[in-house]
Amino acid sequence: MSDRRLVKPVAVAALAVLLCLPPFYLDAFWLRIGLFSLAAAIGATGLSLLSGTAGQLSLGHAFFLAVGAYGYTWLAGDPGPGLPTALAALLAVLLAGAAGGLFSPVAGRVRGIYLGVATLALVFLGHHLLLTADSVTGGFNGRSVPPLAVGGFAFTGDDPGLTVLGVPFGAEERLWYLALALFALTWFTARGLLRSRPGRALAALRDSETAAAVMGVDVARYRSAAFVVSSMYAGLAGVLLALAFRRVVPDYFSLALSVDYLAMIVIGGLGTVAGATAGAVFVTALPLLMTRYADRLPLVAAPGSGDAGIGPTEAARYLYGAVVVVILLYAPDGLHGLARRVRARMRRRRTPAGQNTAPAVPPAPAARPKEHTP
Amino acid sequence: MSVPSLQVRDVTVRFAGLTALDDVSFTVAPGTTHALIGPNGAGKSTCFNVLSGLYRPAAGSVRLGDTELTRLAPHRIAALGVARTFQNIVITDGTVADNLMLGRHILTRAGFAASALHLPRARREQRDHRARARETAELVGIGAHFDSLVGLLSYGDRKRVELARALCLEPRVLLLDEPVAGMNAGERARMAEVIQDVRTELGLSVVLVEHDMGLVMRLADEVTVLDFGRRIAHGSPDEVRRDPEVLRAYLGSVAEGEGAA
Ligand SMILES: Nc1ncnc2c1ncn2[C@@H]1O[C@H](COP(=O)(O)OP(=O)(O)O)[C@@H](O)[C@H]1O
Ligand SMILES: [Mg+2]
């Protein structure tokens with residue numbers, strides 16, 4: 001029993017150490033994959049809280065990512081108030097949360113697929129604003145993003161120059177640790193939420209608003225709170241993405257981005273941080289890897305090669321589209337649920353027959369029954 | 001804990017052309033068990049939905065002590081100490097503990113910030129209330145399943161989870177909609193015992209909707225009989241059992257009470 005209880009902290013510590021190593025061994029390409037994956041994991045955690053835990057379908061996640069990214073860029077930049085960048089990052093997250101709160105009158109009234117369509121409108125509205133509000137957003141060409149600097153330490157290549165154990169720390173190396181810290185914060189806070197009173201109230205909303213209400217959950221308040229919290233994670237992911245891209249452009253924050261995030265949480269498994277993370281890594285890394293290794297993949301044309309064949313980005317979309325379908329059919333609780341069941345099975349195999357203690361973990365239903373009539 | 005009386009006065013509920021409740025009145029005296037019986041479609045569940053704030057009646061009033069309930073949202077009524085179960089089980093995915101902790105929602109405070117930051121007071125609250133929830137689980141006879149996924153439990157156990165979750169609100173009035181429907185004889189007897197126990201131990205008022213006449217006769221202090229939304233009889237179990245109107249409308253068709261849900 002006592003060594004079982006030790007396993008977890010040791011594993012977490014080992015993982016933390018492992019995640020600190022890449023800048024010493026991997027080049028900028030891999031660090032960028034990791035950076036984008038971590039940013040996506042933060043955003044996907046937010047969407048998972050909203051759509052997975054609270055059961056509110058959102059196609060508007062790209063909008064809240066954009067609020068974070070552009071919010072930071074404007075707040076820290078010129079034109080803009082030119083605030084200290086750390087403050088601008090914090091305010092951008094709060095701004096995204098406020099945007100989620102502003103949407104709550106809609107979220108409080110519209111449910112299910114209709115909510116999905118209403119959030120779709122947000123993406124189009126946001127895209128239109130990004131293109132037309134030139135003075136804030138830079139219009140079609142976007143804006144360059146002021147690098148984050150905390151107490152004289154800038155997350156850029158050379159301010160101040162830094163070499164650790166013989167490895168020069170450029171922007172990617174520095175941003176890697178920033179992303180890691182923000183991801184750890186996301187993991188910590190989201191797990192705290194999911195495993196306590198607010199998380200249980202949100203899950204109750206998903207399974208039956210009626211039952212939640214008679215248990216004393218203020219349905220309207222929690223529905224909008226889900227939007228606010230989810231949007232804050234999206235805002236944080238947006239800030240990080242802006243820092244990693246160093247330039248924000250409207251076309252990135254399109255409907256396709258919202259769909260990518262939905263794919264992440266479905267692939268990973270709804271309503272868990274680990275699932276959102278796994279899905280985020282998969283969906284983010286796949287197109288980047290396929291682009292890099294396009295010349296070695298059958299049927300995929302290398303970018304700019306002029307070969308017949310589909311481009312690596314489209315190929316990645318097809319591939320994860322297929323993965324989504326397979327998951328919906330065979331593992332509706334996603335990679336996370338799959339891992340859980342494999343673990344449960346291994347545990348049962350290890351315990352001698354006859355004193356079978358580990359319960360079987362049934363797969364969650366793909367489509368949760370929504371409302372029950374009382 | 002002082003339990004106020006629950007007064008239902010002239011409540012009328014209409015659905016597109018159908019009058020589901022027609023001028024229904026009854027009073028649940030503090031600490032008693034009041035049974036609401038009648039054939040399927042009589043309006044019993046509709047009455048519960050009015051009491052818990054899910055339906056707003058077209059006319060009439062529901063008072064808990066001095067508080068008018070018909071204008072309150074369901075979560076406010078819950079906060080006043082009115083808890084209920086559903087005719088068809090409505091529980092949340094997750095473990096028994098998750099469900100029971102949901103039942104303690106109104107008795108706990110931890111908000112988004114405190115929970116996200118794992119603040120000590122939030123953790124302490126969670127620990128304390130988890131212990132209380134475990135006691136409730138044991139009281140209802142599902143202590144052994146406290147950490148089990150509800151999806152793995154038997155039908156009877158899931159019914160008990162619903163009862164335990166309602167009890168976790170520490171209610172003053174408990175509304176039970178067909179608590180033993182679909183159970184076998186052994187499960188019914190155990191459930192009846194549990195209901196009896198919680199009423200005497202916790203001193204709360206119980207409003208019981210049930211087709212099992214044996215159970216009703218055993219548990220109820222008073223009985224109100226509905227038929228097509230109207231109250232057709234009222235009184236002690238013995239009076240009601242002998243009421244010719246009741247025999248005609250209800251007991252005649254569902255002989256000695258083993259009526260299906
Ligand atoms: N939400 C609703 N909309 C329309 N009709 C309803 C609704 N709820 C209940 N009814 C109708 O009201 C009548 C009473 O139903 P109910 O209260 O469920 O009966 P009971 O619980 O006594 O079997 C039934 O005819 C039922 O069809
Ligand atoms: Mg009913």
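Helices (H or I, at least four residues) and strands (E, at least two) are DSSP runs, numbered from the N terminus. The exercises below use these element names on a predicted model.

**Exercise 1. Where in chain A is R246(A) found, and what is its phi?**

Solution. 
Step 1. Locate the residue: R246(A) sits in the loop between α12 and β6 (247–248) of chain A.
Step 2. Read the backbone angle: phi of R246(A) is positive, about 65 degrees, although the residue is not a glycine.
Step 3. Classify the accessibility. Partly exposed covers the range between under 20% (buried) and over 50% (exposed). R246(A) has a relative accessible area of 41%, so it is partly exposed.

**Exercise 2. Describe E170(B) in the terms of Exercise 1.**

Solution. 
Step 1. E170(B) belongs to the loop between α6 (155–168) and β7 (173–177) of chain B.
Step 2. Its phi is near 50 degrees, a positive value in a residue other than glycine.
Step 3. With a relative accessible area of 36%, E170(B) is partly exposed.

**Exercise 3. Which residues are joined by a cis peptide bond in chain A?**

Solution. 
Step 1. The bond joins D78(A) and P79(A), and omega is about 5 degrees.
Step 2. P79(A) lies in the loop between α4 (61–76) and α5 (85–102) of chain A.

**Exercise 4. Characterise the interface between chain A and chain B from the side of chain A.**

Solution. 
Step 1. Count the residues: 34 residues of chain A contact 35 residues of chain B.
Step 2. Take the area: about 3000 Å² is buried between the two chains, with carbon and sulfur atoms giving 67% of it. In chain A, the residues that lose the most area to chain B are R197(A), R200(A) and M215(A), together 27% of what that side buries.
Step 3. Count the interactions: there are zero salt bridges between chain A and chain B, and eleven residue pairs in polar contact, both residues at pLDDT 80 or more.
Step 4. Assign elements: α9 (171–194), α10 (197–207), α11 (209–214) and α12 (219–245) of chain A each supply at least two residues of the side that touches chain B. α10(A) gives the most, with nine residues.
Step 5. Sort by class: the side of chain A that touches chain B has 19 nonpolar, eight polar and seven charged residues.

**Exercise 5. How many residues of α10(A) are buried, and how is the rest of chain A built?**

Solution. 
Step 1. Eleven of the eleven residues of α10(A) are buried, so the helix is largely enclosed by the rest of the structure. Among them are R197(A), G199(A), R200(A), R206(A) and D207(A).
Step 2. For the whole chain, buried residues make up 49% of the 374 residues in chain A.
Step 3. The secondary structure of chain A comes to 16 helices and six strands.
Step 4. Of the contacts in chain A between residues at least 6 apart in sequence, 71% join residues at least 24 apart.

Terms used:
Residues are numbered from 1 along each chain as its sequence is written. Chains are lettered from A and ligands numbered from 1 in the order in which they are written. This is a predicted model: local features need pLDDT of at least 70, side-chain atom pairs count only at pLDDT 80 or more; totals for chains, interfaces and linings use all residues. Side-chain values use heavy atoms; hydrogens and water are left out. Contact means heavy atoms within 4.5 Å. Buried area is the accessible area (1.4 Å probe) that two parts lose on being put together, summed over both. A salt bridge is a side-chain nitrogen of Lys or Arg within 4 Å of a carboxyl oxygen of Asp or Glu. A polar contact is a pair of N or O atoms within 3.5 Å; within protein, one must be able to donate a hydrogen and the other to accept it, and residues adjacent in sequence count only if both atoms are side-chain atoms. Ala, Val, Leu, Ile, Met, Phe, Trp, Tyr, Cys and Pro count as nonpolar, Asp, Glu, Lys and Arg as charged, and the others, Gly among them, as polar. Buried means under 20% relative accessible area, exposed over 50%, partly exposed in between (1.4 Å probe, protein chains only).
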